[in-house]
Number of protein chains: 2
Amino acid sequence: MDLTDIGIEEGQKYEGIYTTMSRDGVKNAAPIGIVCKGKDKLGCRLFVGTTTLKNIMETRKYVVNITFDPINFANSTIGNLDIEEFTDDEDIAILKNAEAYVICDVTDIRKMDPIKDHVTSNGEAYIISSDVVKIVKNNPCAKALNRGVFALLECLTNYTRLDLVSKEQQDYFVGRFNENNRMIKRVSGPDTIKAMEILKKSMIEKGFDVE
Amino acid sequence: MDLTDIGIEEGQKYEGIYTTMSRDGVKNAAPIGIVCKGKDKLGCRLFVGTTTLKNIMETRKYVVNITFDPINFANSTIGNLDIEEFTDDEDIAILKNAEAYVICDVTDIRKMDPIKDHVTSNGEAYIISSDVVKIVKNNPCAKALNRGVFALLECLTNYTRLDLVSKEQQDYFVGRFNENNRMIKRVSGPDTIKAMEILKKSMIEKGFDVE
């Protein structure tokens, strides 16, 4: 049982679709960040009011689906997925077309300090900790999505255009750099963080006021 | 010879590090977009003044390296890579730690109409067309980076926060949606484009003025 098999490394964050089932058997899917806390430990943050939190409190079980399916990501964000998107299993919710999935048993549900920028839930959220009980790879090359490298690529593309654009557009690029850098520090490994430092140093040398 | 082996599909765009050699044997690396024009055909756009364009005009050959190495991406953007990052080959420039690489023979170099937003080169650019002569996978799971899914993920995350943020932040999210949607139409396949349509429809229903 080793999450690095599907590209999930300790201390980094990934994107996946969580599938859960209510006590009375209704399946749900929602895209949620994946926090890796060890080679067989995962965690996540869930807001009060979400179906995923309700289901996890009822069953203390969830599945993290590793998938690149853009339509499932979109549909599960704006609502739920059609029942046809799930496997036929009656006791567990799993996405049919997942590249891989991870079955998790909840070990701890802990109330967080309120998060002030999250209005509708009054900032009420819970931190879920869990043990990985099974990893299944439908695609031997399955690898979880980490947004860091792409945030870096955006910054690199913007960098090559810094000298070519208006002051207003430069300010926008500096803002994007700062925002992407914050995200990368939160989700990425040391190499991506170092790459941003290299870029930052060069931007400062060019006279840009990055954070 | 089939680029789909490394996740490169016709009509989509990817990110890679191009390695070239000058007539007198100096190796160069630069991150450049990859345009797929068929299962054994690639293309790219190169601006006047870049080392990659000069070298390709001299040798009519280049290598597209599929890599996720953030430090190589950063260093090759702000300058060149250390010679140790290349293989020992004397007649061709290839990155040592590439997940895969594609050797390309140039079939056509065509001047583009000037691109008005690219100041330093006076917008002078060339479209390079090439035949793939070899695909080498150092990692059997190598797959080229396409930025589309990540642009979608950003939009999905922003979407879930639309109702919770200030008007100013909402405007920023709408701007990011429009920008990401333009990028996705340029680089992605039909599923990611459709996912953005699903999201757009839902944003319009919520009263947001997306393009």
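1. B:R176 pairs with B:E179 in a salt bridge, with the closest N and O atoms 3.7 Å apart. A salt bridge here is a side-chain nitrogen of Lys or Arg within 4 Å of a carboxyl oxygen of Asp or Glu. Both residues sit in helix α4 (residues 167-187) of chain B, three residues apart, about one turn of the helix. Helices (H or I, at least four residues) and strands (E, at least two) are DSSP runs, numbered from the N terminus. B:R176 is buried at 1% relative accessibility. B:E179 is partly exposed at 29%. Buried means under 20% relative accessible area, exposed over 50%, partly exposed in between (1.4 Å probe, protein chains only).

2. This is a predicted model: local features need pLDDT of at least 70, side-chain atom pairs count only at pLDDT 80 or more, and totals for chains, interfaces and linings use all residues. Side-chain values use heavy atoms, without hydrogens and water; residues are numbered from 1 along each chain as its sequence is written, while chains are lettered from A and ligands numbered from 1 in the order in which they are written.

3. The pair in point 1 belongs to a wider set. A network of salt bridges links A:E154, A:R176, A:E179, B:E154, B:R176 and B:E179. Over all chains, the structure holds 22 salt bridges.

4. A:K206 and A:D163 form a salt bridge through their side chains (2.8 Å, N to O). A:K206 lies in the segment after α5 (190-205) of chain A and A:D163 in the loop between α3 (148-159) and α4 (167-187), so the pair ties together parts 43 residues apart in sequence. A:K206 is partly exposed at 36% relative accessibility. A:D163 is also partly exposed, at 48%.

5. In chain B, the side chains of B:D108 and B:R110 meet in a salt bridge (2.9 Å, N to O). B:D108 counts as partly exposed at 23% relative accessibility. B:R110 counts as exposed at 53%.

6. Check the backbone at R60. A:R60 is not a glycine, yet has a positive phi of about 50°. A:R60 sits in the loop between α1 (51-59) and β4 (61-66) of chain A. B:R60 likewise has a positive phi of about 50°. Relative accessible area is 39% for A:R60 and 38% for B:R60.

7. On the overall layout, chain A has five helices and six strands. Their order from the N terminus is β-β-β-α-β-α-β-β-α-α-α. Buried residues make up 54% of its 211 residues.
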